[in-house]
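I would like to walk through one structure, going from the overall layout to a few individual residues.

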Amino acid sequence: GQVASTRSRATIRGRRKAAAPRSRGIRQTGSSRRVPTPASPPANMTESPPAPPTAYDDVAHRGARGTLTLSSRGVAFSPEDAGAGAGSSVVDLPWTVVSKHQVSPSSHPRSLLKVVTRPEAVGEGGPRGGKPASHTFQFAGRAALEAARREVSDRLGA
């Protein structure tokens with residue numbers, strides 16, 4: 001008699017545990033206590049606000065000195081003397097046309113950042129004829145180049 005009643009209780013208990021409905025938002029742990037599931041933040045709070053623009057002074061592009069600005073919109077170069085001729089034109093590259101970037105090795109005597117555009121970026125600051133174009137910027141020092149490289153990587157990855 002006792003063995004049979006013990007089995008039936010164990011079976012009933014086992015069924016109750018298996019059949020117990022799980023409440024929404026509650027995670028079942030190995031023990032009998034329940035721990036609330038961490039709530040995910042609202043969709044609008046998961047995105048971080050765009051980083052403010054960063055300006056790098058004393059940057060050279062095609063022989064002209066100026067300012068390189070990295071913003072949420074893209075890469076922009078503004079020469080100090082905009083009227084100095086065709087070689088010192090303003091560069092404005094939205095992130096949508098930038099395909100990659102490269103930096104010169106630390107052993108190189110000049111600190112260079114090369115920004116390459118997508119071949120299909122014709123008319124948007126990109127090349128004519130569907131070939132990738134590159135824009136090379138020379139920084140005054142390695143520290144500024146490394147900071148710009150990290151920022152470009154972050155902004156391209158976002």
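This is a predicted model: local features need pLDDT of at least 70, side-chain atom pairs count only at pLDDT 80 or more; totals for chains, interfaces and linings use all residues.

The protein has three helices and nine strands, and, read from the N terminus, the order of its elements is α-β-β-α-β-β-β-β-β-β-β-α. Of the 158 residues in the protein, 26% are buried, while the exposed surface comes to about 10700 Å², with 53% of that supplied by carbon and sulfur atoms. If we take the contacts between residues at least 6 apart in sequence, 38% of them join residues at least 24 apart.

Turning to the interior, in soluble globular proteins nonpolar side chains tend to be buried together. Here the largest nonpolar core has 18 residues, and the members that touch the most others are Y56, V59, L68, L70, L93, F137 and F139. Strands β3, β4, β5, β6, β8 and β9, together with helix α3, each supply at least two residues of this core, and the largest share, three residues, comes from α3. To take one member, V59 is in contact with A64, R65, G66, L68, F77, F137, Q138 and F139, once neighbours within four places in sequence are left aside.

Now to the charged pairs, where the structure holds five salt bridges. One of them joins R73 to D92, with the closest N and O atoms 3.0 Å apart; because R73 lies in the loop between β4 and β5 and D92 in strand β6, this pair ties together parts that are 19 residues apart in sequence. R73 is partly exposed at 48% relative accessible area, and D92 is likewise partly exposed, at 36%.

A second pair is D58 with R65, whose closest N and O atoms are 3.4 Å apart, and here too D58 counts as partly exposed at 36%, as does R65 at 38%. A third, between E146 and R142 at 3.1 Å, sits within helix α3, where the two residues are four apart, about one turn of the helix. R142, E146 and R149 are linked in a network of salt bridges.

Which residue of α3 has a side chain that reaches the backbone oxygen of S71? That is R155, which lies in helix α3 and whose side chain comes to 3.2 Å from that oxygen. R155 has a relative accessibility of 12%, which is under the 20% cut-off, and therefore counts as buried. Setting aside residues up to four places away in sequence, R155 touches A51, P52, P53, T54, L70, S71, S72 and W95.

I would also like to point out some backbone geometry, given that most residues other than glycine have a negative phi. D58, in strand β3, has a positive phi near 60°, and R62, in the loop between β3 and β4, has a positive phi near 55°. R62 is exposed, with a relative accessible area of 55%.

Finally, E120 is placed in the loop between β8 and β9 and counts as exposed at 59% relative accessibility. E120 and P132 are 12 residues apart in sequence, with their C-alpha atoms 8.0 Å apart in space.

How values were computed:
Residues are numbered from 1 along each chain as its sequence is written. Side-chain values use heavy atoms; hydrogens and water are left out. Buried means under 20% relative accessible area, exposed over 50%, partly exposed in between (1.4 Å probe, protein chains only). A polar contact is a pair of N or O atoms within 3.5 Å; within protein, one must be able to donate a hydrogen and the other to accept it, and residues adjacent in sequence count only if both atoms are side-chain atoms. Contact means heavy atoms within 4.5 Å. Accessible areas come from the Shrake-Rupley method with a 1.4 Å probe; for residues, only the protein chains shown count as cover. A nonpolar core is a set of buried Ala, Val, Leu, Ile, Met, Phe, Trp, Tyr and Cys residues joined through side-chain atoms within 4.5 Å. A salt bridge is a side-chain nitrogen of Lys or Arg within 4 Å of a carboxyl oxygen of Asp or Glu.
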